[in-house]
Amino acid sequence: MAMRPPMPVPAISRRARLVLTAIAVFIVLLSVLGSTVSLYVDWLWYGEVQFRSVFTTVLWTRVLLFLGFGILLAVVVAANLVVAYRLRPPFRPMSLEQQNLERYRAAIEPRRAPVLIAVSLLFGVFAGLAAQSRWQTWLLWRNGTSFGVTDPQFHRDIAYFAFTYPFQRFVLGVLFAAVVFSLLGAVAVHYLFGGLRLQTPGEKVTPAARVHLSVLLGVFVLLKAVAYYLDRYGLAFSDRGGITGASYTDVNAVLPAKTILMIIAVICALAFFANVAFRNFQLPAIALVLLVLSSVLIGGAYPALIQQFQVKPNADQKEKAYIGRNIVATRTAYGLDGVSYTDYPAVSTVSGEAGQKVKADKATIPNARLMDPNVLALTFDQTQKNLSVYNFADKLDIDRYTIGGQTQEYVVGVREMDPKQLRGNQTNWINQHLVYTHGNGFVAAPTNTEVSGQPAYVDPAIFSISQPRVYYGELLGDTYSIVGKTADQSAREFDSLKESEDVKYTYDGTGGVSIGNFADRLVFAWYYRERNILFSNAIGPESKIQFLRDPRDRVAKAAPFLTPDGDPYPAVVDGKIKWIVDCYTTLDGYPYSEHTELGAVTTDSLTGTGTVRQANTEVNYIRNSVKAVVDAYTGAVTLYQFGPDDAVLQSWMKAFPGMVKPASEISSSLRQHFRYPEDLFKVQRDLLSRYHVSDPVQFFNSQGFWDVPADPTRDSQEPQPPYFLLAQTPGQEAATFQLTSALNQYQRQNMAAYVTVSSDPADYGKFRVLRLPNDTVILGPTQMFSNFTSTVQIKTEITQLNQVGSKVIYGNLLTLPVGGGLMYVMPVYVQGGGSGTFPLLRKVIVAFGNKVGYEPTLAAALDDVFGQGTGQTRPTPPGPTGPTGPSTGSTNPELAAAIADISKALEHLRSATQRGDFVGIGQAQQELSDATARFEKASASSGGTPSTSTPTPAPSPTS
C-alpha cells in the first residue's frame, strides 16, 4: 500500500507572528519589571538597616560570577562549534544518510550565526545561573583566613579544605561541563556536515574531525587527572570507615590508587593529544581502555580487597588511629574540646542525709521552675494581652533579671500586635496596615512563684521601659504597616483605650522605608499588588512602610551568610525592648569532623511551636560567633562579634568590612541577657552523647555511648528539649543561669549523665558533665514520668479530671542534681473545658529515687518526699510581684458586679483546689472566665482600659 504523503504544516501568518512576538515581549518585560522592583525594594530595605554594602557586594558578586563563568562556557562551546564547522569536508560522498542530512544542512546554513549564538548563549546562561548561586563559595575563597590548625593526613591548613577545596571543585565542575558540552556540540556539527559518517561506506571519520575530537577527549581526560588529584584531599571527608574522615583503607589503598590513576590519566591524555599526529583511534582507544580498567581494578577492586580481608577482621585496631583523628576534629569543630567531666556518685534512695542536703540547698530548689514558658502562652494571652488585637508568641521565653539585688529567672513575653486577631471591620486595608500597626508592653513573671495557679506578674515599672511600643516582633510575619505622619499631620495609629476613646499615636522612630514620593508608592503598590498604597490620602510625605518585621527574618536577610537560631527572645536593655538572635557560622568542609544534619538534630518536641525549624543542611563545623540585636521599636539590626576567634567569621568580615561590631562594643547590660543558644546546644548534646568517649576502640564498639531521651510529657518520640535553669551544679560556688539536659544510657532508659552549659558572663559557654555511676540505677525522664503516671493517686485524679471536660497539661520535667542524687520536678496544669479558659498550676510532682510527692505546692511535695519542714526554705521572690488589679474607683454598677463575681470565682477556685475537687475546679474556672469577660466589657463601656489581669491575692511564698 502506498504511504500517504505527510500533510503540510500550515504557515503562520505575519499578523499572528507579530501578535505572538508582542505577547512574548510583554511577558519578558513583566518578568524583568517584577525582578527590578524586587531588587529595588531590597536596595531600599538594606539602606534602612544600614547594610547596603551587603546588598551591593552580594549583587555584584553574583553578577560577576554569572557573566564570568557564563561567558567562559559560552565562548568555549561557541569556539568548538565554529572549529567543527570550519573543519567540515568540502565534499561528502553520496549516500542515503547524507541525503537525509542535506535538508537539515540547508535549513541551518543560512541561519548558522544566529543558531550558533543561541546555542552558546543557552549553555552560557545555564552555567551562569549555576555559578552565581555559589557566591558564598567565591567570597570565602577570596577572603579565606587561616585556622592555624593543620589536618593530620596532608598537613594542610584547615582553611584549604574549608575555603579553597570547595572552590577548586566548583571550577573543575564548570570546566568539565564546558568540555562535555563542547564535545557533544562538536560531534553534532561534525555529523551534520559530514565529518562523521556512521552509515556511509568507507571512512567513518575525517582526519580533521578525528583531530578535533581527540583534543577534546584529551582535555577531558586531563581534567580527570586533576579530579583524581583533588579526590586525594576529598578523602578527608570519606565515610568509608563509618565515621567522617580518611579510614585505614582510604589512606593505605585509595590514596595511592588515586595517585596512580592521576598519573595514568595524564598518560592517557597525552595519548589523545598524540593522535593529532598519528590520526587513528587505536592509540586513544588503548589509552581509554587502560584508564577504565585502571579505574575499576586500582580504584575499586584493590581498596575493596583491602577493606574485606585486612580491615574487617581487625577493624577496631586498623581504624583506631583514624577514629582518634575523627574524635579530636569533631570536638574541635563543634566546640566540645573544653568540656569538664565530673564523676557524680548519685544516690537513688531517700535518706536523712539527702533530706538535710535538700533542706540546706539555697540555690537550686528555691529557683525550681514551676511556670513553664511552653505551657503558659495561653495564660498570658488570656490575662495579659489587654485588648483582642494583641497576643503573645506561642512559646514564651526564659531570661534572668536582677531585681532588688537578687537575680531571678523569669518567664517573659512581648505583647505584640497579632494580625490574625483582627476581626470584622478591623481587617479592612486601612485598619490592617495604617491603624493597627504595633504592640505595646513587656510582661514578666518569676518562674518559681504562682498566685492561685497563675503567674505572679511583675510590675512593668520595675524594668523602667522608656519605649514599650513594639513595631517589630515574631507575630507580625510577612505583614507590612505604613507609619509616620499622615498627609493631614493627624495621628492615626491605634495605641490604647482611655475613657472609651482610642488613643492615637504617630511613629517617630527610624524604622521603615520612606514612601513619601509618588515613585516609591508606585513601587510598593506594584510589589504588594495593592493599589491603595498608591491612591490612599492617608499617606503623607513623611510616611514610612515597615516590612520584614520578624526579628529572625531581618537578621537572616541582613546577614545571609549566617544561620540564625530558631528561637529569638526579648530582653529589656537600658530601658528598651530588644530581640536577641543567636547566629551561627557553619561549614561542611572541616576535615575529619563528623557531619550532622542541622534540621534533624535540632528538632525536639517543641520545635514549630513558637520556634523555627532549621533547614536540613549538613554541617560539620558550627560556632555561635555573632549575637544579633533587633530593636523592637526601630527595627535596627546590630551584629556583635562574640566568643573566641573564628576563622569563618573573620573571612566573612573581610568580605563585608565594618558590618560586624567588635565584642568590645557589647554593653554590660546587654551581655547580662545573653543566653547559650538552644540549637547549638542540641547539636552539641547529640554529638556529646558519643564523642565524650576518648578511647577509639571503645568508640568503635559503641561502648559507653549515651542517648538523648525522648520527651515523655508530649505525645511524640521527639527528643526532650533542654531547659534553662537558675541553679547550682555540684562543683559550683553559686547559682548560675544555665542550659541543662539529661542523657540516658545507650539504647536504655536509665539516666547516664547530666549536661549543663553556663550562660553567665563570667564562664559563658563552659560545659560541665556529671557522669553517673554505672552500678547504680538512676531512673531516666521517661521512666520517672511512667512512675508518676502509674502512681495510684496521680493516675486516679488525672483520669477523673480528663473525664469531666478539663484537660491536664504536663509541664517541664526538670532534672535537678541536689541532695547527693537527682531530683525530678514537674508542674501539672489544669485547663477548664469552656471557652476562655487557660492552664492553671494545680499540682507539683517531686521525685527522688522511687519516692514521689504529689501536692498543690512544691513545698508540700518536698515534705512528702524528704520529710516535714524540707520545703519551708523557699524564699519570697524579690520586688513587687503579682498581677495588677483593675481600679475600683468607677461608679459603674456593672463593673463593680463583675469585680465581685471575679472575687467569688477565685474563692470557689481556691476552695475546690484545697478539697481536691476537680469538677469544682473546672466549674470555678468557667465562672472566672465569664466574670472576666463581663469585667472587660464593663470596663470598656465605662471608659476604662481593660486591666492586665483579674484581681488576685499576693503571691504565696510557699508555692
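Modeller: Gladly! Let us begin with a definition: a polar contact is a pair of N or O atoms within 3.5 Å, where one must be able to donate a hydrogen and the other to accept it. Keep in mind that this is a predicted model. Here is a case: the side chains of threonine 585 and aspartate 646 are joined by a polar contact of 2.5 Å.

Colleague: Where is threonine 585 placed in the chain?

Modeller: Threonine 585 belongs to strand S18, which covers residues 576-587.

Colleague: And is threonine 585 buried or exposed?

Modeller: Buried means under 20% relative accessible area. Threonine 585 has a relative accessible area of 0%, so this residue is buried. Not counting residues up to four places away in sequence, threonine 585 touches Leu562, Tyr621, Ile622, Arg623, Ser625, Asp646, Val648 and Leu649.

Colleague: Which polar contact does the side chain of glutamine 614 make with another side chain?

Modeller: Glutamine 614 has a polar contact of 2.8 Å with the side chain of aspartate 679. The side chain of glutamine 614 also reaches a backbone atom, the oxygen of proline 564, at 2.9 Å. This glutamine lies in the loop between helix H18 (598-601) and strand S20 (618-619). Its relative accessibility is 4%, so glutamine 614 counts as buried. Among the residues that glutamine 614 touches are Arg552, Tyr584, Leu598 and Asp679.

Colleague: Let us step back to the whole chain. How many helices and strands are there?

Modeller: The chain has 27 helices and 32 strands. It consists of 959 residues, and 54% of them count as buried. For contacts between residues at least 6 apart in sequence, 71% join residues at least 24 apart. The accessible surface is about 41,200 Å², with 58% of it belonging to carbon and sulfur atoms.

Colleague: Now helices, please. How do I describe two that pack together?

Modeller: Two packed helices are described by the angle between their axes and the distance between the axes. In this model, helix H1 (residues 14-48) packs with helix H17 (residues 551-558) at an angle of about 105°, and their axes are 11 Å apart. An angle of 65 to 115 degrees counts as roughly perpendicular, and H1 and H17 are therefore roughly perpendicular to each other.

Colleague: Which residues of H1 and H17 meet?

Modeller: From H1 come Asp42, Trp45, Tyr46 and Glu48, and they meet Arg554, Lys557 and Ala558 of H17. Sorted by class, this contact has three nonpolar, no polar and four charged residues.

Colleague: What about the side of a helix that faces inwards?

Modeller: An α-helix has 3.6 residues a turn, so residues three or four places apart point the same way. Take helix H5 (residues 135-143), where the buried residues are Trp135, Thr137, Leu139, Leu140 and Asn143. Those buried residues pack against helices H2 (52-86), H4 (112-132), H6 (158-192) and H19 (647-655).

Colleague: Which residues are buried in helix H15?

Modeller: In H15 (residues 518-527), the buried ones are Asp520, Arg521, Val523, Phe524 and Ala525. Their cover includes H1, strand S14 (513-514), helix H16 (532-535) and strand S15 (544-546).

Colleague: How do the ends of H15 look?

Modeller: Asparagine 517 caps the N-terminal end of H15, with a side-chain oxygen 3.2 Å from the backbone nitrogen of alanine 519. Just after H15, arginine 529 has a positive phi of about 55°. Next, glutamate 530 sits in the loop between H15 and H16. Glutamate 530 is 101 residues from tryptophan 429 in sequence, yet their C-alpha atoms are 9.4 Å apart in space. Glutamate 530 touches Trp429, Tyr480 and Ala525, leaving out residues up to four places away in sequence.

Colleague: Where else can I look for a positive phi?

Modeller: Serine 464 lies in the loop between strands S9 (454-455) and S10 (469-470). With a relative accessible area of 53%, serine 464 is exposed. Aspartate 574 also has a positive phi, about 55°, and is in the loop between strand S17 (569-573) and S18.

Colleague: Is aspartate 574 buried or exposed?

Modeller: Aspartate 574 counts as exposed, at 58% relative accessibility.

Methods: Residues are numbered from 1 along each chain as its sequence is written. This is a predicted model: local features need pLDDT of at least 70, side-chain atom pairs count only at pLDDT 80 or more; totals for chains, interfaces and linings use all residues. Side-chain values use heavy atoms; hydrogens and water are left out. Helices (H or I, at least four residues) and strands (E, at least two) are DSSP runs, numbered from the N terminus. Buried means under 20% relative accessible area, exposed over 50%, partly exposed in between (1.4 Å probe, protein chains only). Contact means heavy atoms within 4.5 Å. Accessible areas come from the Shrake-Rupley method with a 1.4 Å probe; for residues, only the protein chains shown count as cover. Axes are lines fitted to C-alpha atoms, for helices over the stretch in contact, and angles run from 0 to 180 degrees between N-to-C directions. Angles under 35 degrees count as roughly parallel, over 145 as roughly antiparallel, 65 to 115 as roughly perpendicular and the rest as oblique. Ala, Val, Leu, Ile, Met, Phe, Trp, Tyr, Cys and Pro count as nonpolar, Asp, Glu, Lys and Arg as charged, and the others, Gly among them, as polar.
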